[in-house]
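Let's take a walk through this model together, starting with a pair of helices and then moving out to the chains and a set of strands. Keep the viewer open as you read.

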Amino acid sequence: MKKNKIYLLLIIIALGQSAIAQDIQVIVSNTKAKIERVKDYHADGKMRTNVTFLKLPIAKVSLYFKNPNKFKLKSEKGMSFVPKGSMNINLNSLFTGNDFTIIDAGNEKIDNTIVRVAKLLPNNDNGDLVLTTLYIDPVHFLILKSKTTTKESGTYELVMKYEKYSDYGLPDKILFSFNTKDYKLPKGITFDFDDGTANSSVTKKQKDKKGEVEILFSNYVINKGLSDEIFK
Amino acid sequence: MEPIIEVSQLCKNFNQFTAVDNVNFTVYKGDVFGFLGENGAGKSTTIRMLLTLIEPTSGEIKLFGKSLQKHRKEILHQVGAVIERPDLYKYLSALDNLKLFAKMSGLSLSNNNLLEQLDLVGLADRSESKVKTFSQGMKQRLGIAVALVHNPELIILDEPTNGLDPQGIADIRNLILKLSHERGKTILVSSHLLSEIEIIANRMLIMHKGKKIIEGEVNSLLDPSKTIVKVETSDNNNTFELLKTSLWSDGIKNIDNQIHLNISKKDIPNLNRFLVEHHIDIYMIQPLHSLENYFLNLTKTSVHVEPFAN
Amino acid sequence: MLSLLQIELYKIYRRPRTYIAFTAITAIVLIFQFAFKSDGQSYMNLMLQNVQDNFELDKSKAINGYFMCYIILNTLLVQVPILVALIAGDAISGEANMGTLRLLVTKPYSRTQLLVVKFFASFIFTILLLVWMAILALFLSLLLFGVDDMLIFRVKGEESQILQITQDDIMWRYFAAFGYATIALTVIASLGILLSVYAENSIGPIVATVCIVLFFTIVSNINVPIIDKNIKPWLFTSYLVGWKGFFYIGVNPEGQPIKGSLENWASIRNSLYILLAHIGVFLGMAVYSFQKKDILS
């Protein structure tokens, strides 16, 4: 009941705004259509992880996509901590299934670009997804930012920058933000060497529990076909 | 005669306890020098000082005419020693033990050479056996082989027959005599058995409670015509000083303020006369019989004479 | 002097006791490798804890040869002092017990020479022990578990961290760590030798060495600020784990590890100085005491 009231409220707000601008439904479907022009791609990426307790080198990764929803991120050399929900780096997944209600949430400004805000509510209550908010450049039909709330993994945010591959709706850079939990090893388990550098000021920094992963894309190979083997 | 060991005024204290008290003696080249005394008399402590195992509290030791303290390395090259039970390296064979100690003395001897050495102590046929399988007597003999491996001039044996069966004791004795007679080595051997010293030594020294009691030729000390006499006078100190200037000065000893003299029985009246002439009031001149009885009396241990296997 | 060293090494080589240490190391390493081969995932789960809520990690890649070696060293370098004590604590006292000390000392070498040679023999034994450990824990692990980047799980003050070191940046760290461990264990060796000078049987100094190391280690791991500040810096055992410093890679302000760097070389260097000073002091005391010692055994 409560949920329905919120929906109703959102719909009222959305209706009020649609009068003054382009129809949000059209923007979303255009954006989706643009993204769907990509049947498959392969790209190189450089992944930088920014989580206080993780000291990881910049990882060279390869990203593979094949429609409708096959996606793989793998490190070229060595191993990497792949953020959960990285499926969503693949923008197609934002629209997985057509079964959602789109609500217009007005305009906002991201880096001097006026964007339209669309809230996507899944009609099926049983999934993990609770709400996706898209910030769409209505001129180029590009998603500049998305916020996804899930039941299991909390909220995460994607910020995209487009350059060379904007025609395909493929970003050159993605910043993926998420909430992390405190990481604490029990003392005494590691027998660490105390070199005297640890101090209490670090403790405060640790309270910041936001994690970030940034991926810079290059060398997209688009619509050249990909074997299913890669995704196994 | 060339002195090999010269010990003068040697003392060793362990905290309050005086283990060696002002000991003097000389061992000459070619001697088999018997070092006699009961257990705890200070023999081992003295021997360990000769080998730099223990540092003297005071006194001087000269070996081969040189100060032991100043010429330690040079001197030890010419010394071989077996101190009490030589246990050696149990996990090594007789031959390997010998090889190892030869190498420590800077020698690299051939196996044949080493086997010859083992043959000397009767262990050639057990050269490959590990020492842990050896009897005490065999270990003792191997210890002697180790002491001899670098062909030293002076051999020091501390209680070499301790804990051996009669055959073992006889073997060691024969070996000592062989080394002395055939190889001309100078040997210092300690024992708590007079009978043993009597057989092998030409000169001897008796120690008791850290002090030297007597030193001299075995033949003359054990001469049945000689005896130890105890002298008691009105002034023992004065008498002692006086006798030191007399012709009996050699065998004189002041033990617990009693004067002991080693003189021939025929000399007892002369001694009496001498003291009277010097106006000393004599309370007593008491013969203590032979040196052997005297030694037994000192040590209060019973001596059983081993059968000699000659 | 060199031939004396050869003799000492020969004795160590021929003694059955020597092989206890090598056998123990072999057994421990093989058990570790077997355990991780069959169920390394659970260990990884324990160490990763809730990191797995946010990240996926190929755990089979994480449990690689380099990582295994670190885990093994982490445990083994706590135990190896016991093995070093087994040889060093026996150096003089064992000879006294066997009755060979008096033979050694009557040989034409100075006591200082004898002791220094004993020390070097223990030192070489320590090196061989570590080389054996490197062969098993590092090279055999690399063979069994493969090569990949290495994760270091670390508690730094109040903070826990996971450091990732790329595979091309690891080997030199192991060489440095083994070098450091050699110095650290040599401290134990010189302590063992010092104590062995005073005893006439080998059990005493071996047990005493182990007890001192254990006691100090326990005290340095109590983790109470008053002890961490006032007592820990004075215990040489606090520096035994300094080899780990070579795996604390330096990071840039963005939190990325800098290849080929160390977080705090100065602290490792100071620890090395402290350990070397301990070796000097223990050895000096041992030489002094041995020279003054009356050998009554």
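The crossing of α2(C) and α8(C) is right-handed. In this predicted model, helix α2 covers residues 16–48 of chain C and helix α8 covers residues 111–145 of chain C, and the two pack at an angle of about 20 degrees with their axes 10 Å apart. Angles under 35 degrees count as roughly parallel, so α2(C) and α8(C) are roughly parallel to each other.

Which residues of the two helices meet? On the α2(C) side you will find C:A21, C:F22, C:I25, C:T26, C:V29, C:Q33 and C:K37. Facing them from α8(C) are C:L129, C:W132, C:M133, C:L136, C:A137, C:S141 and C:L144.

How confident is the predictor here? The mean pLDDT of chain C is 89, with 100% of its residues reaching 70 or more. For the model, the scores are ipTM 0.79 and pTM 0.81.

Now zoom out to see how the chains touch. Two pairs of chains are in contact, and of these the pair with the most contacts is A and C. Chain A and chain B, by contrast, are joined by no contact, and their closest C-alpha atoms lie 39 Å apart.

Chain C also meets chain B: 19 residues of chain C are in contact with 26 residues of chain B. On the chain C side, the elements giving two or more residues are α1 (2–14) and α7 (101–105). The largest share, six residues, comes from α1(C). The residues on this side of chain C divide into nine nonpolar, four polar and six charged.

Finally, turn to chain A and its strands. Strand β7 (residues 113–122) of chain A pairs with strand β8 (residues 129–137) of chain A in the antiparallel sense, over five bridges. Look for A:K119, which stands opposite A:T133 in β8(A). With six residues between them, β7(A) and β8(A) form a hairpin.

From β8(A), follow the chain on to strand β9 (residues 142–150) of chain A. These two strands also pair in the antiparallel sense, here over eight bridges. Within this pairing, A:T132 has A:T148 in β9(A) as its bridge partner. β8(A) and β9(A) form a hairpin too, with four residues between them, and in the turn A:F141 has a positive phi of about 50 degrees.

Technical notes: Residues are numbered from 1 along each chain as its sequence is written. Chains are lettered from A and ligands numbered from 1 in the order in which they are written. This is a predicted model: local features need pLDDT of at least 70, side-chain atom pairs count only at pLDDT 80 or more; totals for chains, interfaces and linings use all residues. Axes are lines fitted to C-alpha atoms, for helices over the stretch in contact, and angles run from 0 to 180 degrees between N-to-C directions. Angles under 35 degrees count as roughly parallel, over 145 as roughly antiparallel, 65 to 115 as roughly perpendicular and the rest as oblique. A crossing is left-handed if the near helix is turned anticlockwise from the far one by less than a right angle, and right-handed if clockwise. Two residues are in contact if their C-beta atoms, placed from the backbone, lie within 7 Å. pLDDT is the predictor's confidence in each residue, from 0 to 100. Ala, Val, Leu, Ile, Met, Phe, Trp, Tyr, Cys and Pro count as nonpolar, Asp, Glu, Lys and Arg as charged, and the others, Gly among them, as polar. Two strands pair if DSSP finds at least two bridges between them.
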